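Here is a friendly briefing for your modelling notes. Take a look at the sequence and the structure, and then go through the points below.

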Amino acid sequence: MKKLILLAVVISSFLVVFMGCRKEEAIEKRQPEATRSQPRWIIGMSQCNLGEPWRVQMNLDIKNEAAKHPEIKVIFKDAQNDSLRQRAQIEEFINMGVDLLIVSPKEAAPLTPPIAAAYDRGIPVIVLDRRILGDKYTCFIGADNKKIGRAVGEWVVKRLGGKGKVVELKGLMTSTPGQDRHSGFREGIKGSGIEVIFEADMKWLEPEARREMESALARFPQIDLVYAHNDPGAHGAYLAAKAAGREKEIIFVGIDGLPHEGQVYVRQGILEASFEYPTGGKEAIQVALDILNGRSVPKEIKLPSRVFTRENIEQGGEWLEEGKEEREK
Ligand code: FRU
């Protein structure tokens, strides 16, 4: 019996050693491939919020472009529309030792210190879409919100024949696109008979825009047009007007122009115009690769914008004319 047990022990230990060798062999065989597919650089992407389709699209644009480059790996964090959480997530990226940061900040002031801290530590930072204060970042990428706001203003003046009553539903006014889309619009309508009868900060959020529009409808028997700083806001305003049976007497205009959001609303006749606001996700990865490969990049990259209306949407919209206002002076 003892002999039998001994034999079993010898056989099983032989099997363990033999299989162990096979396993090591397999790892060794896989090793060169695994090393080859190992990314050389880690990029941290801090997204302020994924509540709107536009931000989901931005992350997708980043992911799709990054997928073409095995030498990089992108780690995404979503701050869920909370500046304090976004600060903490940027600090986590710094402590992880990422090679580069992409940040689309919720608000300018609270996100400036952690971005500056990363930059001071030598981590290149690409700021996307919303700006921060000062110049402690490597490159800013985004469309010109002031110019878009001004183009909306000029479009509204033309569409209303120079006069009318307008509701302005503003994006978060502690974020730079909200500030610029507002001041640009006011420049665009300056000197005309357009009167802004109601304005409110709907913080980029559709339900908030709907609530604000309900107040506007209750207070004003005549509203000719709603300018919302983004398409979710314009859609929220439309839903409020529809519930009040007044959607047919009001023109709705928004910004973002996503193919599956704003452009659909234009095709359906819900919005009369949507101004494109490109996400810059693809460009952020291209610039990141330039930086990581030691190529110099500009401090600022401005992305172009178009307007989509029912008349031009099948032709791909109409580009906002570069330098139009300068030429007219
Ligand atoms: C999404 C969003 C967009 C808008 C952009 C401005 O969070 O509100 O709709 O164009 O942010 O930063």
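Which element gives the largest share of the lining of the largest pocket? That share, seven residues, comes from H5. Please keep in mind that this is a predicted model, where local features need pLDDT of at least 70 and side-chain atom pairs count only at pLDDT 80 or more, while totals for chains, interfaces and linings use all residues. Residues are numbered from 1 along each chain as its sequence is written, and side-chain values use heavy atoms, with hydrogens and water left out. Helices (H or I, at least four residues) and strands (E, at least two) are DSSP runs, numbered from the N terminus.

**Pockets**

- On a 1 Å grid over the protein atoms alone, a pocket is an open set of points with protein on both sides within 12 Å along at least five of seven lines, a cavity is a set where a 1.4 Å probe fits but cannot get out, and lining residues have an atom within 4 Å of a point.
- Grid points are joined across faces, edges and corners, and a volume is the space filled by probe spheres set on the points.
- The largest pocket has a volume of about 560 Å³. It is lined by 22 residues, and Ala151, Trp155, Lys158, Val307 and Glu318 are the closest to its centre.
- Helix H5 (145-159), E12, E13 and helix H11 (324-328) are the elements that give two or more residues to the lining of the largest pocket.
- By class, the lining of the largest pocket has eight nonpolar, two polar and twelve charged residues. Here Ala, Val, Leu, Ile, Met, Phe, Trp, Tyr, Cys and Pro count as nonpolar, Asp, Glu, Lys and Arg as charged, and the others, Gly among them, as polar.
- The second largest pocket has a volume of about 240 Å³. Of its 18 lining residues, Asp61, Glu276, Pro278, Thr279 and Gly280 lie nearest its centre.
- Two or more residues of the lining of the second largest pocket come from each of H2 and helix H10 (281-292), and H2 gives the most, with four residues.
- The lining of the second largest pocket divides into five nonpolar, six polar and seven charged residues.

**Cavity**

- The structure holds one cavity of 30 Å³ or more, and the largest cavity has a volume of about 120 Å³.
- Among the residues that line the largest cavity are Trp54, Arg55, Asp129, Arg130, Pro177, Arg181 and Tyr277. Helix H2 (53-66) and H6 are the elements that give two or more residues to this lining.
- Five nonpolar, one polar and six charged residues make up the lining of the largest cavity.

**Salt bridges**

- A salt bridge here is a side-chain nitrogen of Lys or Arg within 4 Å of a carboxyl oxygen of Asp or Glu, and a search of the whole structure finds 22 of them.
- Glutamate 199 forms a salt bridge with arginine 186, with the closest N and O atoms 3.1 Å apart. This pair links distant parts of the chain, 13 residues apart: glutamate 199 is in strand E7 (residues 193-201) and arginine 186 in helix H6 (residues 176-189).
- Glutamate 199 counts as partly exposed at 38% relative accessibility, and arginine 186 counts as partly exposed at 26%. The cut-offs are under 20% relative accessible area for buried, over 50% for exposed, and partly exposed in between (1.4 Å probe, protein chains only).
- Arginine 211 and glutamate 208 meet in a salt bridge (3.2 Å, N to O). Both lie in helix H7 (residues 206-219), three residues apart, about one turn of the helix.
- Glutamate 208 is buried, with a relative accessible area of 18%, whereas arginine 211 is partly exposed at 49% relative accessibility.

- Strands count as paired if DSSP finds at least two bridges between them.
- Strand E6 (residues 163-170) pairs with E8 in the parallel sense over four bridges, and leucine 225 is the bridge partner of valine 166.
- E8 also pairs with strand E9 (residues 251-256) in the parallel sense, over three bridges, and valine 226 stands opposite phenylalanine 252.
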